[in-house]
Amino acid sequence: MGGGIQKSKELVDKKIIGKINLGNAIFAFPGVQSYHPNPEPWFAKKEGGPVIDMGPYYLTALVNLLGPAKKVTGSIVNGVKRRIIGIGPRKNKSFKVECPTTYLSTITFENGTIIRLTLSFDVIAHQRNHIELYGDKGSMIVPDPNMFGGSVYICKNLGDPWKEYKTNKMPLGKINIRSQSSRANEASTNANYRGAGLAEMAYSIENKKINKCNGELSLHVLDIIQSTMKACTSGVSQLIKTSCQKPRPFLFKEIKKILK
């Protein structure tokens, strides 16, 4: 619902890069154990791993941009078996990793777009973009779906410079983080409006409308999450059982009413 994804959605819907045939998405870092005093749940046997942790951000963004998914395949990588707690009263204590820590998946969407998605707790550092979409008329770099701002970049011809579409003047794209937090992505150049979805839901209930982060969308994203984990661990392609309407844009006039 933030400026970054909404600006990307606007440009996708206008077909600025044409028909989107494929793309890449990645979240990869070493894991929460360096900054969380109780990291074990992220590495637990049944509910741990990067898909259930970060999948909601990336998959919801992709469904917003591309519409519902229909199939997923993939594989896993098991990283370091024991991790060291880096903060808090149990600092320097080790704990056992009980789940896969890297998922490499391929998601086919109902519109035909194929996205390669990497979600990992095993990568020290990388220089890839969060999401890249490749159309028959150009390419797009989509900003961090775990935050609200960030610029969108588009290149339409081989060798051309990337054109920047800024979001820092959009209502939910303005920079409001003024100091670095313990989270690596929360730098002082980002926007963070975590209450936007709740505010829009309350407004929709009051006005008898269907909210944008509704149950149909949430169920579909959860279905993709569970199907991705099953496909990757089993090696068997999974059909997505649910579907949803592609979410409508979060228009400025709607935001103004909610922010009153």
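Proline 37 sits in the loop between E1 and H2. In this predicted model, proline 37 is partly exposed, with a relative accessible area of 29%. Along the sequence, proline 37 and lysine 166 are 129 residues apart, and their C-alpha atoms are 36 Å apart in space.

**Helix H2**

Which residues of H2 are buried? They are Pro50, Val51, Met54, Gly55, Tyr58, Leu59, Ala61, Leu62, Val63, Asn64, Leu65 and Leu66. Twelve of the 17 residues of H2 are therefore buried, so the helix is largely enclosed by the rest of the structure. One of these residues, valine 63, has a relative accessible area of 0%. Valine 63 counts as buried because its value is under the 20% cut-off. Valine 63 and valine 80 are 17 residues apart in sequence, while the distance between their C-alpha atoms is 32 Å.

H2 also has a bend of about 45 degrees, found at proline 56. After H2 comes glycine 67, which has a positive phi near 95 degrees.

**The second largest pocket**

The second largest pocket has a volume of about 600 Å³. Its lining is made up of 24 residues, and those nearest its centre are Met1, Pro56, Tyr57, Thr60 and Cys213.

Of the lining, H2 gives the most, with five residues. Sorted by class, the lining of the second largest pocket has 14 nonpolar, seven polar and three charged residues.

**Aromatic residues**

How many aromatic pairs does a search of the whole structure find? The search finds six. One aromatic cluster is formed by Phe27, Phe29, Phe43, Tyr58, Phe95 and Phe121. Tyr58, a member of this cluster, is also one of the buried residues of H2.

**Helix H5**

Helix H5 covers residues 252-259, and Glu254, Ile255 and Ile258 are buried in it. Viewed down the axis of H5, the buried residues fall within an arc of 100 degrees, so they line one face of the helix. Phe252 and Lys253 are exposed, and they are carried on the face of H5 turned away from its buried side.

Lysine 15 has a positive phi although it is not a glycine. Asparagine 92 likewise has a positive phi in a residue other than glycine. The table sets out their values.

| Residue | Phi | Loop | Relative accessible area |
|---|---|---|---|
| Lysine 15 | about 60 degrees | between H1 and strand E1 (20-28) | 57% |

Technical notes:
Residues numbered from 1 in each chain as written. Predicted model: local features only at pLDDT ≥ 70, side-chain atom pairs only at ≥ 80, totals over all residues. Heavy atoms only, no water. 1 Å grid on protein atoms, 1.4 Å probe; cavity = no way out; pocket = protein on both sides within 12 Å on 5 of 7 lines; lining within 4 Å. Points joined across faces, edges and corners; volume = space filled by probe spheres on them. Helix = DSSP H or I, 4+ residues; strand = E, 2+ residues; numbered from the N terminus. Nonpolar A, V, L, I, M, F, W, Y, C, P; charged D, E, K, R; others polar. Bend = angle between axes of the 7 residues up to and from the residue. Buried < 20%, exposed > 50% of the residue type's maximum accessible area, 1.4 Å probe, protein only. Phe/Tyr/Trp six-rings, centres within 6.5 Å; stacked < 30°, edge-to-face > 60°. Arc of directions from axis to C-beta.
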